[in-house]
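Subject: Structure for you to look at

Hello,

Here is the structure I said I would pass on. My notes follow below it.

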Amino acid sequence: MNPATALATVLIDELVRCGLTDVVIAPGSRSAPLALAVHAESRLRLHVRVDERSASFLALGLAKRTGRPAAVICSSGTAAANFHPAVIEAGESGVPLLVLTADRPPELRGTGANQTIDQLKLYGTATRWFAEVGVPEDRPGQVAYWRSLAGRAYQRALGPGDPGPVHLNLPFREPLLPDGDDSWCEPLDGGANGPWARLRVAPPPVALHLPPTRRGVLVVGDGAPNVRRYVAAAGMAGWPVLSEPQGGGRYGDHAVSTYHFLLGLPEFAAAHAPDVVVTLGRPGLSRPLLSWLRRAPEHIVVAPDLNRWPDPTRSATQVAEAVEIPVAAGDDDWLHAWRRADQAARAALDEVLDSSGLSEPRLARDLVDALPNGALLFCGSSMPIRDLDQAMRPRRGIRLMASRGASGIDGLVSTAMGAALGHQGPSYGLIGDLSFLHDQNGLVLGPREPRPDLCLVVVNNDGGGIFSLLPQAAVRDPFERVFGTPHGVDLGYVTAATRTPHTLVQDVSELPKALRGEGLRVVEVRTDREANALVHERMKDAAQEAVRAALA
């Protein structure tokens, strides 16, 4: 057996023994040993994509939804460079990703050899761990090295406490294809008793016990750990829960879904200063919320890994691996005040949205309301997730995800597909037109590839809608060209190129019917950027006027 085939066979086998179930491959020559080893492994689900960027984001979505490492494989050269955006997102959002890049052997580096670049630590600090595997050789000791390395890579990606991307760079000398000879200098198998090395997880940390108080607030941001436990504890303590949509805590009687507008009202924010705020995950959608956090007298951040904790406001007074929120005696005036204001703001918001026609925030609200229990909703990073944050009503029964690590608009079609392939049930996506066009290659699926049950709802406002809500909108002369960026693309023709079913929704009443179906499909909703900015202004004015009246 040639060394390249031996290494690939052993490495893939050990990763499967550790728990790997999904591998995404972008085709190439130098990665042939890995591709053939994956194809021959019946325990794996294989996904093939012709675009490396799409492949890496597909793996990201799979790992993000399942919580288990997914692997992505490519050839050498710029193929590996195209993985970089997905590796960054995985690093920032704590997604366990295994990045296996094939490479030329050391003697070809720096010589001008074809498809040869410097791939050592190619992704810099975005990875949790990097290893240059070394050119495989037919000598004793290699199998133990390869299996031990695979186990360490899998477990380091998984965490626990600090999951993220791991990069293995694998230089192969030719021959790259199996030679028909199965002989090797030592046994290639890893034994019958599970992984080569087992990880023993430490016991749960001792929780930080808080003094009892009724004037507390639980904030839930992206990537929050143990959400249900903390939401239940906050409920027992009489605390309001301010949860971003993808945080997973926007449900139940204590959920305050209009916090963006409440905290944007100075008199409400000043009158509702808490004794303590406990933050799970990383909040980052609402500027009023972040400003309010800066003024909290006690701000406790829960971080399962104390080497990395989210504190974008630099307001954390304590950081703990776990927190115990005690039941506190006393009346419910604090919680009732939040709920009265929330109900007033919610009624005002819904009145504005119900009269706004097919507006973007109404689409976000009505889409969530229309989804069946057990559904997954993957949301785009720019305006869609903010529209959900400001318009979504509390509800149970759905899983909401977004790529909020680096908050880019790249790779979202592929990430949504990966998440859908990892989800047991119907899946939906809500993304903008620029995000859709940025990753339209994500729709390219070969006839033998696993196909997701995914309905992508694309908000088409012919450009970058978020800029109409930012200070750049005041720079009228260059705004439309350099910020608005109209594209004039007919999305129906884009979907037709890949034979993806396409439906154009022109009235909000058409949405429930358009969402029906199975398999991969696109629902396009056309909106107007300037009209959308006006709706957002009306939402803010109506909500805050209603809260002022409630406070009076």
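**What was found**

The accessible surface of the chain comes to about 22500 Å², and 52% of that surface belongs to carbon and sulfur atoms. Accessible areas come from the Shrake-Rupley method with a 1.4 Å probe, and for residues only the protein chains shown count as cover.

Please note that this is a predicted model, in which local features need pLDDT of at least 70, side-chain atom pairs count only at pLDDT 80 or more, and totals for chains, interfaces and linings use all residues. Residues are numbered from 1 along each chain as its sequence is written, and side-chain values use heavy atoms, with hydrogens and water left out.

The chain has 19 helices and 19 strands; these are DSSP runs numbered from the N terminus, helices being H or I of at least four residues and strands E of at least two. With a radius of gyration of 25 Å, close to the 24 Å from the globule rule for 552 residues, the chain is as compact as a globular protein of that length. The radius is taken over C-alpha atoms, and the rule is 2.2 Å times the number of residues to the power 0.38. The C-alpha trace spans about 85 × 55 × 40 Å along its principal axes.

Of the 552 residues, 57% are buried (buried means under 20% relative accessible area, exposed over 50%, partly exposed in between, with a 1.4 Å probe and protein chains only). Among contacts (heavy atoms within 4.5 Å) with a separation of 6 or more, 74% join residues 24 or more positions apart.

Helix α14, residues 412–421, is mostly covered, with ten of its ten residues buried. Among them are L412, S414, M417 and L421.

N441 sits in the loop between α15 (433–438) and β17 (454–460), and is partly exposed at 40% relative accessibility. Leaving aside neighbours within four places in sequence, N441 is in contact with D51 and S54.

As for cysteines, the structure holds zero disulfides (a disulfide is a pair of cysteine sulfur atoms within 2.5 Å). C379 is in no disulfide, and the nearest cysteine sulfur, that of C455, is 14 Å away. C379 is buried, with a relative accessible area of 0%. C74 is also buried, at 0% relative accessibility.

Regards
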